[in-house]
Amino acid sequence: MIMEYGKWIKYEPSMEIEDGTRVLILRNGYGKWFELAQYNKHYECFDDAEGDDFFCDLTDVDKIFIIPNIE
């Protein structure tokens, strides 16, 4: 079985992301440590994995990996 890998995207705060989209983020200054977060369009930030607490500013993010919806 061949594994297919996704792609990390260089993040720019001007990017259009749907509210509530779950992503893995690499933050500036944290090396290759990634964390699960949710985009919050209303407050223009990334919230924690549950989407209910502020996690970081948009300008803190270097790269994102968009997680597809699981149905």
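These are my notebook entries on the fold and surface of one chain.

**Basis.** I am working with a predicted model, in which local features need pLDDT of at least 70, side-chain atom pairs count only at pLDDT 80 or more, and totals for chains, interfaces and linings use all residues. Residues are numbered from 1 along each chain as its sequence is written, and side-chain values use heavy atoms, with hydrogens and water left out.

**Elements.** I looked up the elements and found zero helices and six strands. Here helices (H or I, at least four residues) and strands (E, at least two) are DSSP runs, numbered from the N terminus. Along the sequence I read the pattern β-β-β-β-β-β. The radius of gyration, taken over C-alpha atoms, is 12 Å, close to the 11 Å that the globule rule gives for 71 residues, so the chain is as compact as a globular protein of that length. That rule is 2.2 Å times the number of residues to the power 0.38.

**Sheet.** I traced an open sheet of six strands in the order S1-S6-S2-S3-S4-S5, with antiparallel pairing. Two strands pair if DSSP finds at least two bridges between them. The edge strands, S1 (9–10) and S5 (54–57), each pair on one side only. I then checked S4 (residues 45–47), which pairs with S5 in the antiparallel sense over three bridges. Asp47 has Phe54 in S5 as its bridge partner.

**Burial.** I noted that buried residues make up 30% of the 71 residues. Buried means under 20% relative accessible area, exposed over 50%, and partly exposed in between (1.4 Å probe, protein chains only).
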